[in-house]
Amino acid sequence: MTHPAFESIRREHIPSLDVTLEQYRHVATGASHIHLAAADTNNAFLVALPTVPQDSTGVAHVLEHVSLCGSQRYPVRDPFFMMLRRSLNTFMNAFTASDWTAYPFATQNRKDFDNLLDVYLDAVFFPLLDSLDFAQEGHRLEFDKPEDPDSDLTIRGVVYNEMKGAMSSPIAQVDQTLKSHLFPTITYHFNSGGEPEEIPHLGYQQLKDFHSTHYHPSNALFMTFGSFPVGEHHEKFETCVLSRYEHGNHAVSIADERRYRKPVAVESRYSFDEDEGTARRTHVVIGWLLGRSDDVSEMLKAHLLSGVLLDNSASPLRKFLETTKLGSAPSELCGLDDSTREATFHCGLEGTDPEHAEAIESQVMEVLESVARDGVPLEQVQSVLHQVELAQREVGGGRFPYGLQLMMRVLPTYLHGGDPVEALDIDDALEELRRSIEDPGFIKSLVRTMLIDNTHRVRLTMSPDKRLSAQRAESLASELEERKQRLNEADRARIIEQAAALKTRQEQEENAELLPRVGLEDVPDDRVIPEGASQRIGTMPLSWYAQGTNGLVYQQVAVDLPPLAPELVDVLGLFCDCVTEVGAGDEDYLRMQARQAAVSGGVSARISYRSHVDDLGRVRGMFVLAGKALARNERGLSSLLKDILTGARFDEPARLRELIAQFHAEGEASLTQSGHSLAMSAASAGFSPAAMLDHRWDGLEGLHRLKGLDAALDDERTLGDFAARLEQIRDALLDAPRQLLLIGEIGRDEGLRASLSEVWEGASTCAASRDMFAFDWTAERIAQGWSVNTQVNFCAKAYAAVDESHADAPALMVLGPYLTNGYLHRSIREQGGAYGGGASYSASSGVMRFYSYRDPRLAETLADFDRAVAWLVQERHEARKVEEAVLRVLSDIDRPESPAGEAIAAYFGSRHGRNPAHRRAFRRAVMRVGIDDLRRVAERYLEPEIASVAVVSNETTLEANAELGLQLCKL
C-alpha cells in the first residue's frame with residue numbers, strides 16, 4: 001500500500017525477470033523511489049545521488065568515506081565498519097562512480113534490514129563530517145614522527161593511499177587519460193576517485209559544501225528490491241529523512257560534451273618502474289564518443305555493434321587485434337562503456353611501440369571500413385543478440401546479490417534521464433533488433449554512423465617512462481620540504497596537535513550500543529543446501545539439481561585429475577586457459593569461437609582442487625569443463641562440451657602464441673587490484689600442497705613462469721614443446737574417470753537427460769583409479785619481497801594451521817574477523833592509512849593469513865600483525881565482540897549464491913568431502929566459539945618466529961627495508 005507522502009508513478013511487471021517495477025515520487029521533496037518487487041528473501045536497498053566533481057581532488061570519493069564516519073543519530077567514529085560486524089548482511093558497501101555515488105546493502109533478515117536502513121539513511125543525509133575524519137579518510141599533513149617537528153613532513157590519508165594504489169596500474173592511467181580527452185570540458189574529464197597529486201588540494205569546507213549541494217533528497221534515488229512491502233520502506237524513508245526536508249533547488253546536471261570536428265591524436269606517459277627495457281610496453285588506444293546512454297534502444301544497437309566487432313576471436317576487430325604483429329595483446333579497455341551520460345567505445349593494443357600508433361589506427365579503420373563495405377555473416381550477428389538475451393535472463397547472486405545487480409542496470413540509465421522499465425525490460429527492443437539485422441545493410445550502417453563517420457575520435461599513445469615515478473617523488477619531496485620551511489611555530493603546533501587529536505580519537509573506545517544490532521538469536525537454525533539426484537548417462541555418473549534458473553541450463557563435466565609428470569603440472573592452469581580458446585576436431589579456433597557464441601553463454605575450464613577435509617598433505621583435484629545456455633540450446637551445449645573435452649586441438653601455434661601473450665598482459669594488469677591476495681598466496685605456499693598450487697598456478701609464481709614462457713615462445717621449438725605438453729594433458733584426461741553435473745528448471749530433467757544420452761552415447765568412462773593426482777611438495781618457511789610496478793605495498797604474513805575437520809578449525813575461522821574488528825582495522829587502516837587490512841583462515845589450504853591492501857607502510861604493518869596476536873592473548877575481551885565475529889562468519893556462510901551457484905557449490909563441496917552434513921556441523925561449531933577458544937588457537941598456531949612473510953611492493957621500498965631479510969623476487 002502506498003504511503004500518503006508518496007505518489008505512485010507507474011507499476012509494470014517484467015516477465016523475463018519475474019519482477020514488478022514500481023516507481024514512486026515523494027510529494028514534498030521530489031525524491032524518487034524505485035521498488036523491484038520479487039519473491040526473493042535477499043532484500044536489497046541503495047540510495048544514490050548524482051555527484052558531479054569539477055576537479056580531480058576526489059571530493060565525491062572522500063565524501064563517500066567521511067559520510068560513513070558518524071552521523072547525528074549514531075555519533076560513533078566508525079558506524080559503517082561497526083555495522084559490518086553487528087549485522088547478517090549479504091552485502092554492504094559504498095562506491096563512487098564517475099558521476100554518482102551509491103550506498104547499497106542487502107540482507108535476508110528483516111530486523112537486520114531495518115537496522116542497516118536506519119544507519120545508512122542517517123549517514124548519507126545527516127553525517128557529522130568531522131574534520132578529524134576528513135583528515136583520516138582524505139588527507140592530512142603530518143610529521144613522519146608525529147611529535148617531532150624536525151622530522152620530514154608527509155601526506156597521509158586512506159583515500160590518498162587508495163588512489164596511489166589504484167593509479168599505479170598502467171591500464172588505470174591509460175583509461176583516465178583517454179577519458180580526459182574524450183571529455184575535454186565536462187565532469188568526466190576529471191578523476192572522480194581523485195588523482196594522488198590533486199587530493200591534497202581538497203579543502204575541508206569544499207567537502208562540506210559538496211555535501212550540501214549534492215546530498216539533498218530532491219536529487220536522491222532510493223531503490224529497494226525483494227519481498228518486503230513497499231509501504232514499510234516509505235514509512236522508513238519518511239520518518240528517518242524526508243519529513244525533515246522540503247523541496248530544494250539543488251538540481252545537478254551534466255551537459256552534452258562539445259564535439260570534435262576532426263579526430264585528435266594524444267601522446268602521454270605512464271610510470272614504469274621495472275628493470276626491463278621499455279620496448280613493446282606502449283599502449284595505443286582509440287576511443288569514440290557515442291550517443292546518449294539513456295536511450296536504451298540506441299545503447300542496445302551500440303552493444304550489438306561492440307559485440308559484432310569484439311565479442312570473440314572470430315569477430316573482425318578482435319581477430320585483427322589478436323593476430324597483428326603491431327602489439328602483443330588487445331587492450332583491456334576494448335569495448336563499450338555506457339556508464340557515462342554519453343557512451344564511449346574503445347579498442348587498441350598493448351605491448352606495442354609509439355612509432356606504430358598511426359599504423360594501428362589506420363588498420364583499425366581498415367577493419368571498420370571492410371565491415372561497412374562487406375558486412376558480417378547474419379549468424380554472427382544473431383550470436384551477439386543471443387548473448388544479450390542470455391545475460392538478460394540469467395539470475396545472478398553471490399557476493400553481489402541479484403537484487404543489486406538489477407538495481408545497477410537501472411541506476412545509471414535513470415540518473416541520466418532514461419526510462420527505468422526500458423532498462424530492465426529489453427524483450428521488445430531485442431525483437432526489434434532481430435528484425436533489423438535481417439537487413440544486410442543494418443550493421444554496415446551502424447559501423448559507419450557510430451564509428452567511421454564519427455569525428456569525435458581520440459587516439460592515445462601512452463608510453464612508459466622509467467623516470468616519471470622518481471620525478472614525481474622528487475617533486476613531492478621538494479614541495480613538502482618547501483612547505484615545511486614556510487611553517488611557523490603555530491603551524492607546526494597545529495600539525496602536531498591534529499596528529500595527537502586524531503590518534504586519541506582513533507584509540508578511544510566507542511559506545512557500540514548506540515548502534516542497532518542483531519544477535520545469535522536472530523540467526524536461522526539451518527542453512528538451506530540443495531540436494532542433487534544421482535543418475536547415470538551410460539557408464540557416467542550424473543548429478544541433477546532442480547533450481548530456479550529462469551530458463552537456463554548449466555552443464556559441467558568433472559574429470560578426476562590423473563597422475564601427471566611435474567612438467568605437466570606446471571602448465572595445468574594454462575591448459576585450462578587455452579582449451580576453450582583453441583580449435584576442436586575438424587574446426588579451427590575461429591569456427592569454435594563462433595560456435596560457442598551461437599549456442600552458449602560461454603564455456604570455461606578450471607581445476608577444482610582442495611586439501612582433503614582431514615589431511616592437508618593430500619589434494620583432491622578435478623578438471624572441470626563448464627558451460628551455460630538457454631534451454632533451447634542445451635543439446636548444442638552438450639555437443640560443444642564433449643567436442644572440446646575429446647578433441648581440443650593444440651596444432652595452431654600462432655593461436656597459442658597469441659593466447660599466452662594475452663594471458664601475460666591480463667596477469668600483469670591485475671597486480672595492483674589483487675596485490676593482497678597475491679601476497680597471501682606467496683606467504684602461504686610453504687604450508688600445504690593446496691596453498692602451493694594457489695601460488696604456482698594463480699599467484700606470483702604462476703605469473704613469473706608465464707612471463708618467462710611468453711618471452712620464450714618466439715622460439716618455434718619451445719612453442720612446439722609447449723603444445724605437446726598441452727596435448728599430453730588432454731590425452732591423460734580422456735583416460736580418467738569423469739562425472740556430469742546438470743542444473744536446470746524443475747521438471748526438465750527427463751528431457752535434458754535424454755539429450756545428454758544422445759550426445760554422450762558410446763563415450764564411456766573408466767572406473768575410479770587408485771592412482772591419484774599428486775606432486776612433489778616440501779614444507780618451507782618463506783620470506784619474500786616481490787617487486788612490481790606499484791606506489792603502495794601489499795603485506796602478508798601466514799601461519800600453518802589445521803585441516804577443516806579439525807576441532808580448532810571453527811575457532812580459527814572466527815579468529816580472522818575478531819582480530820580484524822578488534823585490532824587490525826584500527827591499526828592498519830585508521831592509524832596506518834592503508835585502504836584495508838585484516839586476517840582470515842583458509843580452510844581449503846589450512847593456513848591463517850594476515851594482510852594489508854594499498855598500504856603506505858611495510859615493516860610497521862608486519863609488526864602490527866604480531867601486536868594483534870599479543871593484544872588478543874594479553875587483553876581482556878567482551879563476549880559481545882566475540883559474538884560479532886561469529887556473526888560475520890555466519891553471514892559469509894549463509895550468503896546465498898545464484899540458484900545455479902548454490903547447486904555448483906553443493907556438488908563440488910560433496911565431491912571434496914564437504915557434504916551438507918559436514919557443512920552444517922561446521923556452522924554449528926562456529927556458533928559455539930568463545931573467547932577462550934580464540935586465545936587457545938592463537939597461542940597454539942600464531943607464533944611470529946615460525947610465520948612466513950610475503951610483500952608486494954616496488955624495488956626501492958623493498959631495498960629500503962632490507963633489514964627484514966626478504967628475498968627479492970622479480971616477475
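Buried means under 20% relative accessible area, exposed means over 50%, and partly exposed lies in between. Keep these cut-offs at hand for the exercises. The model is predicted.

**Exercise 1. Classify Asp570 and Arg705 by accessibility, then place their salt bridge in the chain.**

Step 1. Take Asp570. Its relative accessibility is 23%, so Asp570 counts as partly exposed.

Step 2. Take Arg705. Its relative accessibility is 34%, so Arg705 counts as partly exposed.

Step 3. Check the pairing. The closest N and O atoms of Asp570 and Arg705 are 3.4 Å apart, and the two form a salt bridge.

Step 4. Locate both ends. Asp570 lies in the loop between α19 (566–569) and α20 (572–579), while Arg705 lies in helix α26 (residues 700–712). The pair therefore ties together parts that are 135 residues apart in sequence.

**Exercise 2. Find where the salt bridge of Arg657 and Asp714 lies, and say whether each residue is buried or exposed.**

Step 1. Start with the distance. The side chains of Arg657 and Asp714 meet at 3.0 Å, N to O.

Step 2. Locate the ends. Arg657 is in helix α23 (residues 653–669), and Asp714 is in the loop between α26 and α27 (716–734).

Step 3. Apply the cut-offs. Arg657 has a relative accessible area of 19% and is buried. Asp714, at 62%, is exposed.

**Exercise 3. Describe the salt bridge of Arg318 and Glu322 within its helix.**

Step 1. Find the element. Both residues lie in helix α10 (residues 316–323).

Step 2. Count along the helix. Arg318 and Glu322 are four residues apart, about one turn.

Step 3. Read the contact. Their side chains meet in a salt bridge at 3.8 Å, N to O. The cut-off for such a pair is within 4 Å.

Step 4. Judge burial. Arg318 has a relative accessible area of 18%, and is buried. Glu322 is buried too, at 6%.

Step 5. Widen the view. The structure holds 80 salt bridges. One network links Arg85, Arg86, Glu513, Glu878, Arg880 and Glu884.

**Exercise 4. Work out how α20 and α27 pack, and what kinds of residue meet there.**

Step 1. Read the geometry. The axes of α20 and α27 are 10 Å apart, at an angle of about 85 degrees.

Step 2. Name the arrangement. Angles of 65 to 115 degrees count as roughly perpendicular. That makes α20 roughly perpendicular to α27.

Step 3. List the residues. From α20 come Leu572, Leu574, Phe575 and Cys578. In α27 they meet Phe722, Leu726, Ile729, Arg730 and Leu733.

Step 4. Sort them. The contact of α20 with α27 has eight nonpolar residues, no polar ones and one charged.

Terms used
Residues are numbered from 1 along each chain as its sequence is written. This is a predicted model: local features need pLDDT of at least 70, side-chain atom pairs count only at pLDDT 80 or more; totals for chains, interfaces and linings use all residues. Side-chain values use heavy atoms; hydrogens and water are left out. Helices (H or I, at least four residues) and strands (E, at least two) are DSSP runs, numbered from the N terminus. Buried means under 20% relative accessible area, exposed over 50%, partly exposed in between (1.4 Å probe, protein chains only). Axes are lines fitted to C-alpha atoms, for helices over the stretch in contact, and angles run from 0 to 180 degrees between N-to-C directions. Angles under 35 degrees count as roughly parallel, over 145 as roughly antiparallel, 65 to 115 as roughly perpendicular and the rest as oblique. Contact means heavy atoms within 4.5 Å. Ala, Val, Leu, Ile, Met, Phe, Trp, Tyr, Cys and Pro count as nonpolar, Asp, Glu, Lys and Arg as charged, and the others, Gly among them, as polar.
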